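Me: I've got a multi-chain model open and I'd like to go through it with you, a few questions at a time. Shall we start with what pairing between strands means?

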Amino acid sequence: MKITELFDRGEFVVSAEVGPPKGIHIDGLIEEAKKYLGGITAVNVTDNQSSVMRLGSLAVCRQLLDAGLTPIYQLTCRDRNRIALQSDLLSAAMFGIENILCLTGDHTSLGDHPGAKPVFDLDSVSLLHTVCQLESGVDLGGNPLIGDPPKFAKGAVVSPCSDSIDAQLAKMERKVLAGCDYFQTQAVFEPEKFIAFMERARQFGKPVQLGVIIPKSAGMCRYMNNNVAGVHVPDDMLDELAADKERAKAGITGVEIAARVIRECRPYCQGVHIMALGWESKVPALLEQVGI
Amino acid sequence: MLITKLKSREDLQSLLPEKVFVLLCNGCKEVSFPEQEIEELISEFLTADKVTGVLTTDYICNPENLSLRLKRRRAMIDEADGVLVFSCGVGVQTVSDLLDDKAVYAGCDTIRLPGFQGVTPLEYDCGQCGECYLNITGGICPVTACSKSLVNGQCGGAQNGRCEVDPNMECGWERIYRRLEAVGRLDAIKCPTQIRNFAIDANKSH
Amino acid sequence: MENYTKYRLKSSEELIQTLAGTDHIFVVACNKCFKEFTSVDEPECDEFAALAKAGGKNVTGVIRVDFLCNKTQTLGRLRDIVPAETENVFVISCGLGIQTVADIVQLPVFAASDSIPCRGHHGMALTPKTCDACAQCYLNVTGGICPVVDCSKSLLNGQCGGAKDGKCEADPTKDCAWEKIQQKLAKLGRLEEFRNHPVQLRDYSKVNSKLISDYVRTIREKRFEGYYGGVHPSERKEMSAHVKLVRFPEPDVVVIPLSMHAGKPSVPLVKEGEHVRVGQRIGEQAGFIGASIHSSVSGTVLAVEERRHPTLGPGVLSVVIQNDKLNTVDESVRPHGDIEGLTPEEIVEIVKDNGIVGMGGAGFPAYVKLQPGKPIDAVLLNGCECEPMLTADYKVLLHYADDVIYGLRAIMKTVSAPRGVIVIEDNKPDAIAMLQEKTKGYESIEVLAVRTKYPQGAEKMLIKKVLGRSVPSGGLPADAGAVVSNVSSSKAIADAIRLGFPPIERVVCVTGERVHSPGNFIVKVGTSVQEILDFCGGIVGDDVTVKLGGPMMGIPQMELDVPVIKATNGIIAYEADHTTAVECIKCGRCADVCPMELFPLYFAKYVETGNIQGLKEQNIMDCMECRCCEYICSSKIPLVTKIREGKAAVRGMK
């Protein structure tokens, strides 16, 4: 099922995310996904996130599909050239994967193989363009595909709380022009910024899912403030988490914060994308608090 | 503009033979050359009786002049098991070509600084991509100003206008956006999707 | 030679498309770099202008610039030249030039050209050898053949399966690099070594933006320090810097040329057989630009005849004196009191009477300099001694600091300058400290420590650094409100006032890798260079270059039977370098290092083609022959020799 169908029906689309392990055993991951994310529309599978080598997104998507869930296949342009990316897209389509998220990808220097050659043959925009090409039955080299071409719900990312909002919107426009169907945002902790962003992004006419992270601790938030681009946790939230460490550790504070953000932003977006970062078990509580 | 950095002591110690003839190239010293470190290293080698001779010269990438200058040192070179060259890779390859039957060792690693002519490196660079994007970026090169060489706009990694790879570097695409704004060319944002052609032939003209 | 031109015009279709939305265009074209300098004009500019005009565009103007990415030079060239009605600027250049122009002009800038992709980076001799600057050189593993540039896949662990008949699968005209490597290793007997190497993995993080930007920042700072251009040759001062200054033993004979100054040779006042005393005038100043000559010893005149001169060659009238070694002082030598009690005019007269000339090498009559006829803001003393190897002025600063300061005060008084600055390069921290201490009591005198960069000591560079002013083309320091003098000259002025002695002796540095025992000596004018070198243990080995002065501007000496003259600050001997000059490759280095912001490559070219008008247009007369261009020239062109030819031709034209 393509999530664009749900957007078209005007539904508030909820997705979550899982990160594959650095290994080949995913029974636990699948179990957790079935248990906590079963009620959610779709589940993203990250692609060597943060340039840390992990089990492939494509393989895990396939396993999620078999387990009855709807995966969103994330592809970055850091590790593979246009040939490999197209090949993987065809593989995904063959497996029955219908939803993708096209990203440029973090630089190799940020991960655990800093000496690796960064590819970036394509970027998020040209990757979207490439997907559209394939959907039309022709590859990027101009060669016709054999048989029915693949069809995807094509997503991309945008950072509404970034400090370079103009450049982000410019890029967003280009992604739309290149064929993007929907957007998932980087984690939002400042509803005002998100609302202001949506005022300007509305003109592109594409559905946007609000990205949320369930914060685990003040320390984690400070780390994100310093190291994760586009993510900013304001001081009052840091204080809230630091106030009662037990509640924070239990996930109660985090869920409350995330729920507040969702509630405030809800009228301005077409869905929410939850990045649980290991706290998949808290997702049901969050959804409950928000009333989904 | 090529410059050099001295290889680590461990690297050099492990690969050098008993006796070496040392050749230093000062041709690009005006840009940068690890003169002092090399001098220290050579003193050590001299003390350890490892060196049959030292020649400090310049532009050893010029094979004719290299040949002229090495003529007087032939005996010292013959006496050595190998020739240790402190120069960029072009120099080492030139020496290796000339002294065809002698083991030639590179004492340095080569780095490239932005800029082609002169001896002053530039604060911007040309990636020699062969399909100049400067028309749609207001004159700031996305191939070199962006760490990922993206040609369709910013990635999501910029923080405070700085690149995720090097926080001392401004996000190239933010700079491009500001420049386009300044010269009234924001229309360039609406250009078609750009895809690099990595197979441009250096030899074929249009 | 290979042609490593960096750009080519975009296709006509693309150009027409880009031109479509524009009009009133100004065209800037770069004259290219890294190809043989066989022609001045490059064709792309005309081609593009024609295309634009054919498309009905108004071309407001066209300019061809050398080394477009040299921002300092380009700023100068583009200033005030873009017509007001221009709306767009089209640039024909590699990406560097286009970005440079985009940085400078406020209008939309378009690329009319594409850069040309290259595999690896060439060196400075335009050979086919290139280097990919991977920062992890593999040449040690492969016997000197680069696997990164020569193998199409940049493989590091051996051949792939694609080679056919020894040729690469990607480019059948190219040899398989790994086959070549295999053959080379076999020839060198290093195959076993190769087999035992660990697996090679390329580390792409070795080339990172922080590393590069740190280098760029540091180097740019160094390059732009003080003034545009200049070079940093190895200082090589450690050979003589710590050798104690001693008095050179009295020579048996001195040969004193009647020309040790700019201007007319002096007229001899003595003849064979006459007895002379120390400080006695033996040559009369002839003409406004000229100087008196005085005897440096007491003894008998052996002859007044033509002898070899260190800068003017053979046949220069000189006074040859047999030294009686008694150092009997002439009665004309008498102190003149103190600066306080002397008027500026009196000081000038003392300086003139004692035949004091610039002791930094130029030999210009000091008394003329002391009558600038213009208001002077500052007197600058050159204590830089920017020439490599030399340590004469250094010793003067350490041993005669009081005299140097006294002389400066005298100069300041004559030109009514409110400020005196003693400029010393930072490679002489002890001299800086000494002078700072000694000038403490003088409010109007300061010591300025500057970063070492040749030719910082040249008067125009000093004025640039200290006062931030440029001396106008064809002008003199006085036009910029400054008087510049050398520290040895300053000491000479002090000696003349305080002791009454003319410059009959000076500090000379004898140094160089081929001098047996370098030293610093107080030498009587007229002492034989051969004698001095013999005293220092002689010259070591054969194939040696001997110069009077420093390695940059010193005068090569073919014969050593020449005397030390007033302006001789050094005698150096080092291994001769034999090179062959090749065609200029437009590497841009000469233009980058010329402190007068000239384009030396054009001097060589126009001398070759006899284009004297071109030489004038390139301001050849502004050249101070500092030799920075020749020092850096990758083609080993004897630029200063050509420049001198060119200047003579221009002078002949007038």
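This is a predicted model: local features need pLDDT of at least 70, side-chain atom pairs count only at pLDDT 80 or more; totals for chains, interfaces and linings use all residues.

Me: Take strand β2 (residues 25–30) of chain C, then: which residue in β4(C) does V27(C) stand opposite?
Reply: β2 is joined by five bridges to strand β4 (residues 88–92) of chain C, and the two run parallel. Within β4(C), the residue opposite V27(C) is F90(C).

Me: Those two sit in an open sheet of chain C; which strands stand at its edges?
Reply: The sheet has four strands in the order β3-β2-β4-β5 (chain C), with parallel pairing. A strand at the edge has a single partner, so one side of it is left without a neighbour in the sheet. That applies to β3 (59–65) and β5 (109–111) of chain C.

Me: And what does the twist average from one strand to the next there?
Reply: We're still on the β3-β2-β4-β5 sheet of chain C. Going from one strand to the next, the twist averages 20 degrees.

Me: Moving along chain C, which residue of β20(C) does A378(C) stand opposite?
Reply: Strand β17 (residues 378–382) of chain C pairs with β20(C) in the parallel sense, over five bridges. In β20(C), A378(C) faces A482(C).

Me: Are the faces of β20(C) covered or uncovered, and which residues are on each?
Reply: In a regular strand, side chains alternate between the two faces of the sheet. Strand β20 (residues 482–486) of chain C is mostly covered, with five of its five residues buried. Both faces are covered: V483(C) and S485(C) lie on one side, and on the other are A482(C), V484(C) and N486(C).

Me: Zooming out, what percentage of chain C counts as buried?
Reply: Chain C has 22 helices and 25 strands, and its C-alpha atoms fill a box of roughly 90 × 70 × 50 Å along the principal axes. Among contacts between residues at least 6 apart in sequence, 70% join residues at least 24 apart. Of the 654 residues in chain C, the share that counts as buried is 51%.

Me: Now the neighbours. Which helix gives the largest share of the side of chain B that touches chain C?
Reply: The contact involves 68 residues of chain B and 72 residues of chain C. On the chain B side, β1 (2–6), α3 (63–71), α5 (89–98), β5 (103–106) and β6 (108–112) each supply at least two residues. By class, that side has 35 nonpolar, 23 polar and ten charged residues. The largest share, seven residues, comes from α5(B).

Me: How many residues does chain C put into its contact with chain A?
Reply: Chain A contributes six residues to that contact. The side of chain C that touches chain A divides into one nonpolar, two polar and two charged. For chain C, the count is five residues.

Me: Back to α3(B): why do its buried residues line one face of the helix, and what do they pack against?
Reply: The buried residues are N65(B), L66(B) and L70(B). Seen down the axis of α3(B), they fall within an arc of 130 degrees, so they line one face. Their packing partners are α4 (74–79) and α5 of chain B.

Me: Last one: how far apart are the C-alpha centres of the two domains of chain B?
Reply: Chain B is divided into domain 1 (2–112) and domain 2 (134–190). The C-alpha centres of domain 1 and domain 2 of chain B are apart by 41 Å.

How values were computed. Residues are numbered from 1 along each chain as its sequence is written. Chains are lettered from A and ligands numbered from 1 in the order in which they are written. A residue is buried if 20 or more other C-beta atoms lie within 10 Å of its own, exposed if 12 or fewer, and partly exposed in between; C-beta atoms are placed from the backbone. Two strands pair if DSSP finds at least two bridges between them. Domain bounds come from an automatic or database domain assignment. Two residues are in contact if their C-beta atoms, placed from the backbone, lie within 7 Å. Ala, Val, Leu, Ile, Met, Phe, Trp, Tyr, Cys and Pro count as nonpolar, Asp, Glu, Lys and Arg as charged, and the others, Gly among them, as polar. The arc is that of the directions from the helix axis to the C-beta atoms. Axes are lines fitted to C-alpha atoms, for helices over the stretch in contact, and angles run from 0 to 180 degrees between N-to-C directions.
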